[in-house]
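I opened the notebook to go through this structure one topic at a time. Entries follow in the order I looked things up.

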Amino acid sequence: MISLPSLHQSLSKPSLFLLSSPSPLFLQSIFLLPTSTKPISIHSSKPLPIKCCYSSTTTSAEPAQDHVRPVSTFKIAIIGFGNYGQFLAKTLVSQGHKVLAYSRSDYSHVAKSLGVSFFINPHDLCEQHPQVILLCTSIISTEQVLKSLPLQRLKRSTLFVDVLSVKEFAKNLLLDFLPSDFDIICSHPMFGPQSAKQSWKDLFFVYEKVRIGNESSRVQRCEDFLGIFESEGCKMVEMSCQEHDKFAAGSQFMTHTVGRVLDMLGLESTPINTKGYEALLELVENTCRDSFDLYYGLFLYNKSALEMVERLDLAFDALRNELFGRLHHVVRKQLFENGEQGKSLEGIRYENGAALASSSNALRSQDAIVPYEFKGKISESVDDSSKLKIAIVGFGNFGQFLAKTLACQGHSVLAYSRTDYRDAAQKLGASFFSDANDLCEEHPEVILLCTSILSTEKVLKSLPLQRLKRSTLFVDVLSVKEFPRNLFLQHLPSDFDILCTHPMFGPESGKNGWNSLPFLFDKVRVGSDERRVARCNKFLDIFAREGCRMVEMSCAEHDRHAAGSQFITHTMGRVLEKLELDSTPINTKGYDTLLKLVENTAGDSFELYYGLFMYNVNAMEQLERMDFAFESLKKQLFGRLHGVLRKQLFGNSENFEVLREKSVEGNGAALSSSPESVKIS
């Protein structure tokens, strides 16, 4: 956890400039990829236009048969018969294709159960003369596997198809190593065993016809192979490998990166999950089922991935600096605004790095309340005895959002705000007051504080509490709970009742109803008088009646869970917002989740997010854990990268002898696997 004095230190981290520069020499040797000395043949220097080959008018639950081309049957050899190869084989067999399989691991029993012929020797497989070779290898092993195939035993003009998640690497590799009379399709089914376990309908299949012979039979074979996926309802998108990798770096690689960072945090489901947090948990589950080798391959073999790592790094730093800048301002204001510049820091209690006025330890939660479901009795209708006079203090978006339901249930709603919301109140059936004295003289039974976190203390102190009836019930709806709990206990007379709540939804997530949405509450102080107990339960019944999942939980427990769910969700959303992510023609479900997260969190003000950070004692720890997780992931990636470079440089004794003759000057060692030297500082 960062101490306050460290806020004055530089928050910058070592730049990735050397790695993100246009063409650092040592990365050229890695990212241009096939390591042979043979020049790489590029089929076309012009980018391929994006061509979506699917009907947007189909609304039936089944693929529109009129638009599906008939599928010819092929003899297809799957090279790499792991999970993904088996996943594709199942559909290929069901369509009537003859499927052969080869893999270094013995999958003969699995192949037999799928109706596939398994070969343990690639020579035997190639001598079967398959029309299509379908490469389902991992990104990292593809080059080695391709070199090991006895291509001379295949028929000339065999069609090679890869399904790798990176495309420029695969395209260059196939053009480099395959004879010129072999046809090539680079494809990427944007789905897998998990996302397509029900069907492939409406899932993206991206492809580029890299090299197809002019003969009509070869052209038709290519179209018929693509028809395998189109007949299953896939959205067929023809796109250059270069375009694919540009989009994939911003969607697929970013999705996997966020998923792995969150996985390192050890996120767990809580009793108060928001929809956004549920989406993050699902993202973690989906991405972490894939091996680190797949993720590393997305990084190493996509030239745009490194830029995305750098941008994510800078975005996180910018958000952190924004938070700490605000924090520094608050501390400086407390120390110096009244001229008491000699005031000692020892008299100030810091929570989460922010200086807050100390309060009695008695105000802190002594025992955490075990969460339980609210079992309040809900009547069939709202009678006069259950109606409450509720004054909403803070009549912005959220206050109006709650007022609509309160009024619909027949409660008498009063409203007060510094901004004139008279017209909005009238439309909702609420009485608006521009003077807090007038509002309090109406003697509402409940004061419902719907202020922002940052303004709550100021608003509470400004209320003429003496004009209220004794025993008035005060309720807050802030996203942090220990802060308002302590504030109420410190500033409200002891004969006022206190209920701290957090509706875990808002105008967007609750626009279609509140059913099953969590409503958290802590009965901080409710008098033993039967009428006061009944009033508290009547208020809670407002939300229970709407179908909310009512959970009683201590404020301390709430804030601990919220720091791990709500604050993490908002932090990740705001980091991604700074990247200005755009929708692509090939969005995955995970990437759509990230875009939705950005949309939801960006709709909230920075003041709300800052309040979640400033007034939740657990937030700083979560911020530091996220920073540590991202740094750890980068070390994993760059550690692997260093291993690749080291292997290239020291792979044989000849390279080592060359290096021994190089002089070492300053902090940079001259390293070379070619006539040019590479310096890493």
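**Entry: Asp202 and its partner**

I began with Asp202, which is partly exposed at a relative accessible area of 41%. My classes are buried for under 20% relative accessible area, exposed for over 50%, and partly exposed in between, with a 1.4 Å probe and protein chains only. Asp202 makes a salt bridge with Lys201, and the closest N and O atoms are 3.0 Å apart. I count a salt bridge when a side-chain nitrogen of Lys or Arg is within 4 Å of a carboxyl oxygen of Asp or Glu.

**Entry: ground rules**

I note that this is a predicted model, where local features need pLDDT of at least 70 and side-chain atom pairs count only at pLDDT 80 or more, while totals for chains, interfaces and linings use all residues. Residues are numbered from 1 along each chain as its sequence is written, and side-chain values use heavy atoms, with hydrogens and water left out.

**Entry: confidence**

I looked up pLDDT, the predictor's confidence in each residue, from 0 to 100. The protein chain has a mean pLDDT of 81, and 78% of its residues reach 70 or more. Residues 1-47 stay under 50. For that stretch the model has 82 contacts beyond four places in sequence. A contact means heavy atoms within 4.5 Å. Residues 55-68 are also below 50, with 10 contacts beyond near neighbours in sequence. Where pLDDT is low, the predicted coordinates should not be read in detail.

**Entry: the chain overall**

I found 25 helices and 23 strands in the protein chain. These are DSSP runs numbered from the N terminus: helices are H or I with at least four residues, strands are E with at least two. The chain has 681 residues, and buried ones make up 52% of them. I then took contacts between residues at least 6 apart in sequence; 75% of these join residues at least 24 apart.

**Entry: salt bridges**

How many salt bridges does the structure hold? I get 28. Side chains of opposite charge can pair when their charged atoms come close.

I picked out Asp183 with Arg218, whose closest N and O atoms are 2.5 Å apart. Asp183 sits in strand E7 (residues 183-189) and Arg218 in helix H8 (residues 216-230), so this pair ties together parts that are 35 residues apart in sequence. Asp183 is buried, at a relative accessible area of 1%. Arg218 is buried too, at 14%.

Next I checked Glu441 with Arg467, where the closest N and O atoms are 3.3 Å apart. This pair links distant parts of the chain, 26 residues apart. Glu441 is in the loop between helix H16 (436-440) and strand E16 (446-449), and Arg467 is in the loop between helix H17 (456-462) and strand E17 (473-476). Glu441 is partly exposed at 44% relative accessibility. Arg467 is partly exposed at 33%.

I also traced a network: salt bridges that share partners join Asp183, Glu215, Arg218 and Arg221.

**Entry: cavity**

I searched the whole structure and found one cavity of 30 Å³ or more. On a 1 Å grid over the protein atoms alone, a cavity is a set of points where a 1.4 Å probe fits but cannot get out, and lining residues have an atom within 4 Å of a point. Grid points are joined across faces, edges and corners, and the volume is the space filled by probe spheres set on the points.

Which residues line the largest cavity? I list Val258, Val261, Leu312, Phe316, Met572, Val575, Met626 and Phe630. At least two lining residues come from each of helix H10 (252-264), helix H13 (305-336), helix H21 (566-578) and helix H24 (619-650). By class, I have eight nonpolar, no polar and no charged residues. Here Ala, Val, Leu, Ile, Met, Phe, Trp, Tyr, Cys and Pro count as nonpolar, Asp, Glu, Lys and Arg as charged, and the others, Gly among them, as polar.

**Entry: Ile79**

I placed Ile79 in strand E2 (residues 75-79). Ile79 is buried, at 2% relative accessibility. Beyond its neighbours within four places in sequence, Ile79 has contacts that include Tyr102, Leu125, Ile133 and Val145.

**Entry: positive phi**

His443, not a glycine, has a positive phi of about 50°. I find His443 in the loop between H16 and E16, partly exposed at 35%. Glu580 also has a positive phi, near 55°. Glu580 lies in the loop between H21 and helix H22 (589-602) and is exposed, at 64%.

Key
On a 1 Å grid over the protein atoms alone, a cavity is a set of points where a 1.4 Å probe fits but cannot get out, and a pocket is an open set with protein on both sides within 12 Å along at least five of seven lines; lining residues have an atom within 4 Å of a point.
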